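This report covers a sheet with its helices, a group of aromatic rings, and charges placed over rings.

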Amino acid sequence: DPKEAVELSKFPARVEKYTRDAMIDVQEKFSKLKGVSVIVYIQTCAAEKRRRRKRGQFPDPDKRVFINTDVCEGCGDCGVQSNCVSIVPVETELGRKRAIDQSSCNKDYSCVSGFCPSFVTLQGAKLKKSATAEISLPDLPEPALPAINGTHNIVITGVGGTGVVTVGAILAMAAHIDGKGAGMMEMAGLAQKGGAVHIHCRLGNSPDDISAIRVAVGEADAVIGGDLVVTAGAKTLGLMTTGRTGAVVNSHEIITGDFTRNTEFRIPSDRLQLSLEARLKERVAFFDATELAKAALGDSIYSNMLVFGAVWQQGLIPLSLEAINQAITLNGSGPEWNLRAFNLGRWAMLHPNKAQAIITPVAPQATDPIAFRAQQLEAYGTSGLVARYLKLVEAAPDALKLSVAKGYHKLLAIKDEYEVARLHLETMDKAQAEFDGTLRPTFHLAPPLLPGKDSQGRPKKRAFGPWIIPVFKALAAMKGVRGTRWDLFGYSEERRMERALIAEYEADMAEIFASYTAQKLPIAQALAELPLTIRGFGPVKAENAAKAAETRHALLARWRDDGDGASMAAE
């Protein structure tokens, strides 16, 4: 950022300056100094970057991050390294993987530091704005607007960086246009990207009617719920009163910071919706505004404006449609798209079944998970691997077959250099389906034959331009040498560990099959699916393998002690 560069130039020349990736080294260096030392960290926050970029006031790098989910192991190291909530889960037949939410990505590229070869940066990539659904909006009847008795109190909830403050500003401006009084305050302190945000807004027939801005306990008349987790939280629930408060809530599971630390974290959406229904009864409505925004507008950033329109259509906001339209236009940031989003939210309340049909994707045809994995192993290309796979799966007890199919496939389909190369040959086709423009890829890899360590002592990742694609083709064609004496990569510690895990698994399953009983099914399933936890590459995979080894020893001990599944399930 040029402004940040100007600020840095004001420091004396003797002050050492570093880039962000040197933070750990700098901290270690300063920790060894005697006396007082100071580290000043200068960086524009992610949400502010996105606001400035939309207004052309901040550099917008011509580069986007893309993850090839076929290469991704779902280990979550990218989230650990970046702590970024724009890394979102993608459910696949082979487990939960990762993708980048391009609508909220702030382009700091820290996720690329994750020890994973699935990351590709693309120059020239323009996010496809084309909507996947064409919606012809009919004439929408206007609701009866509520009367203002003293003040009409509105609470807007959401997460930082998604336009929550913008909705509040439009609401206040519309009140001004309608000749009413408005008081608004942000209750979040810092609207950090992904952090909880609360906007309190009081409307009065005149400014003199507003003596306080903060909405007190039980005083909310309307809630514009941009995020389910924040809206159903105790802080927001306390502002609601049964019979008085009405709300519309975005039911989409927006990723939180917990997901960056726990790869299997899931939001308890059902319980959160139930808590809101218990408080508001029939005066609460839910719809997936995020998915509707993506489908109808091509960008999830408009989700809060959809919820705003839905709340207004429910007759919960005492402001005229004309005033709101003028306020949106005066806001100046994509007024035509925001107007469209507002009206789409109104339409979703009037035609919920039609909206749901657009939101809900067509369910993929059911596949045979065992046959699917056998096909994957055939493409993997090692002779006799499919027969070896099916032999063990077919030997498993019926109740255990699927668990063995998943766990055994995970071990056999080693993502070595040949396999990663083969999978990356499809990366550009996948990227072209998501982006417009002439794409110039850069692959971020840590080839085991190259020296060097990063600041964490892990093999150093390097950037490789489009010239690496012919190398991928050559490597993919060489998969026949996998496991032979000509396999130079096969001598690495990681490859030896992976082959040992396969042999160990086969021995464990033989023992399980020989003494299997239905009462011990939970233990057997846990052992059979344990390989699914051994995710990642290099040091990340080694760490996960060590954790799995401890679990394996405990499970086998329980199995051999003739423990039953009931006691294990209770724990």
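Does Phe308 count as buried or exposed? The model is a predicted one. In it, the relative accessibility of Phe308 is 0%, so the residue counts as buried. Phe342 also has 0% relative accessibility and therefore counts as buried.

A pair of aromatic rings is described by the distance of the centres and the angle of the planes. The count of aromatic pairs comes to 9. One of them joins Phe308 and Phe342 in an edge-to-face arrangement, with 5.2 Å centre to centre and 75 degrees between the planes. Phe308 belongs to helix 11 (residues 303-313) and Phe342 to helix 13 (residues 335-350), so this pair ties together parts that are 34 residues apart in sequence. Together with Trp312, Phe308 and Phe342 form one aromatic cluster.

| Charged residue | Ring | Distance from ring centre |
|---|---|---|
| Lys63 | Tyr109 | 4.4 Å |
| Arg482 | Tyr380 | 3.8 Å |

The open sheet consists of 6 strands in the order 7-8-6-9-10-11, with mixed pairing. Strand 7 (181-186) and strand 11 (284-287) each have a single partner strand, so one side of each is left without a neighbour in the sheet. On average, neighbouring strands are turned by 15 degrees against each other, direction ignored.

Strand 6 (residues 151-159) and strand 8 (residues 196-204) run antiparallel and are joined by 9 bridges; Thr157 stands opposite His198 in strand 8.

Helix 5 (residues 164-177) lies across strands 6, 7, 8 and 9, at about 160 degrees to strand 6. Helix 9 (residues 269-280) lies across strand 10 (246-250) and strand 11, at about 155 degrees to strand 11.

How values were computed. Residues numbered from 1 in each chain as written. Predicted model: local features only at pLDDT ≥ 70, side-chain atom pairs only at ≥ 80, totals over all residues. Heavy atoms only, no water. Pairing = 2+ DSSP bridges. Helix = DSSP H or I, 4+ residues; strand = E, 2+ residues; numbered from the N terminus. Axes fitted to C-alpha atoms, helices over the stretch in contact; angles between N-to-C directions. Contact = heavy atoms within 4.5 Å. Phe/Tyr/Trp six-rings, centres within 6.5 Å; stacked < 30°, edge-to-face > 60°. Buried < 20%, exposed > 50% of the residue type's maximum accessible area, 1.4 Å probe, protein only. Lys NZ or Arg CZ within 6 Å of the ring centre and 35° of its normal.
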